[in-house]
Amino acid sequence: MTITFLSNYINHHQIPFSNACHALLGDDYHFVQTQPMEQERLSMGWNAEGESLSYVCCLYEDEERAVKLIMECDVLLAGWSNREDLVQKRLNMGKLTIRISERLYREGQWKAISPKGLIHKYKEHTRYRKGPAYLLCAGAYVPSDFHIIHAYPGKMFRWGYFPETKYYTQKQYGQMKREDGRTAELVWAGRFIPLKHPEYMIRLARALKGRTENGGDEQVHIHMAGGGEMEEELKALAKEYGVEEMITFYGFQTPEQVRGIMERSHIHIFTSNYLEGWGAVVNEAMNSGCAVVANVQAGAVPYLIQHGKNGMVYPDGSYEKMEEAVCYLLEHPKERMEMGKEAYETITSKWNAQHAAKELLRVIEGLQEGRIEPAKEGPLSLAPVISPSQMYRWMMKGD
């Protein structure tokens, strides 16, 4: 079986999955990169080391070889790229193609009423609904968007991003997650931009400071790993609220440095709104044993978190509900410790690159024989169609 993964560029969120595929398929696996990584990403601590991997072919350096890999492979994994023409050509040849996609309508499904947009989506997706075309949904809201345009009926599977998975011995985990009953370490990681709502953390610091001053047992320290356009605004707000001593601003960190901060933290807070397609820091925080408090609107959250078991979710980007969930975990250290352990188990047992690669190859073998045999849970399980407005209610039912 030969597989080619087509995408704009390979990064640290995709390398573990590609490495896992390469380990299983050897030289029958390739990744075609269509453009160099943007300087913005490089300045955030990302690196372009993926281009040097043996299975990576850069289309802008060797287009003839890249096109051959795309057209002649048994299965194409088609992520976002600027070469939709190649994907269309392959689909028109009737060759097995599995798209990987985030949301179509992040800003609202009302945009689906655009006649021009519907024509475009028909050409790219809907007209292949009866062909050998399938969809890996990188986010829990993806199926609902594609359901609107009547694409991939019964052929949509749960998917996501798979950063490096770390495995700890019981001793290592215990040393990493020390609970002294005096200080709770909270972490937030990402770019300081409006859609990610980093200002919630400054507001939270003020609320938790007041809580401590009114007799709360545990001190709190907040780690802010990241940078961006709101950085000076956030620091000024921290000063205005008198919470500077409670917050450490790290600036942009490498992925490894961010993981180090997560590993020594107890709670990770993820405040991104509906514009966040996935949110790989949730994977990383769960793998680091953090009890995660997350906004249900981000794509990764409904797939990764079971409320009250391996984390907590809050609805509609509500600051008040987020604060309420954090306070619950501060008041219940035993529960937050158990949620952190369950979060770690979720990533190491199911939502990791090795498991995803094995399940993908298993499902592909079935597709080649005319069978759809989804996984029972996790990656490659059938993706339920849940509207954005009903997602929180659906999660609270525990379905």
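Start by selecting R203: with 34% relative accessibility, this residue counts as partly exposed. Keep in mind as you look around that the model is predicted.

R203 and E320 form a salt bridge, and their closest N and O atoms sit 3.2 Å apart. Color the two helices to see what the pair does: R203 belongs to helix α8 (residues 199-213) and E320 to helix α13 (residues 319-331), so the bridge ties together parts that are 117 residues apart in sequence.

Hop to R106 and E102, whose side chains meet in a salt bridge at 2.1 Å, N to O. R106 is partly exposed, at 30% relative accessibility.

Next, pick R371 and E373. Their side chains also pair up in a salt bridge, with 2.6 Å from N to O. Buried, exposed or in between: how does R371 count? At 31% relative accessibility, R371 is partly exposed, and E373 gets that label too, at 37%. While you're on salt bridges, select E63, R83 and D85: bridges with shared partners join these residues into one network.

**Into the core**

Time to go inside. The largest nonpolar core has 93 residues, and the members touching the most others are F17, L77, I98, W159, I305 and L360. Which helix gives this core its largest share? Select helix α15 (residues 353-368), which supplies 8 residues.

Zoom in on L77 and show what surrounds it. Leaving out residues up to four places away in sequence, L77 touches I3, T4, F5, L6, F17, I98, I100 and L360.

There's a second, separate core as well, made of 33 residues. To find this second core, select A291, V293, M322 and L330, which are among its members.

**Last stop: two crossing helices**

Show helix α11 (residues 280-287) together with helix α14 (residues 333-349). Their axes come within 7 Å and cross at roughly 115 degrees. On the α11 side, select N283, M286 and N287; on the α14 side, select G340, A343, Y344, T346, I347 and T348, and you have the residues that make the contact. What kinds of residues meet in this contact of α11 with α14? They divide into 4 nonpolar and 5 polar, with no charged residues.

Key. Residues are numbered from 1 along each chain as its sequence is written. This is a predicted model: local features need pLDDT of at least 70, side-chain atom pairs count only at pLDDT 80 or more; totals for chains, interfaces and linings use all residues. Side-chain values use heavy atoms; hydrogens and water are left out. Axes are lines fitted to C-alpha atoms, for helices over the stretch in contact, and angles run from 0 to 180 degrees between N-to-C directions. Helices (H or I, at least four residues) and strands (E, at least two) are DSSP runs, numbered from the N terminus. Contact means heavy atoms within 4.5 Å. Ala, Val, Leu, Ile, Met, Phe, Trp, Tyr, Cys and Pro count as nonpolar, Asp, Glu, Lys and Arg as charged, and the others, Gly among them, as polar. A salt bridge is a side-chain nitrogen of Lys or Arg within 4 Å of a carboxyl oxygen of Asp or Glu. Buried means under 20% relative accessible area, exposed over 50%, partly exposed in between (1.4 Å probe, protein chains only). A nonpolar core is a set of buried Ala, Val, Leu, Ile, Met, Phe, Trp, Tyr and Cys residues joined through side-chain atoms within 4.5 Å.
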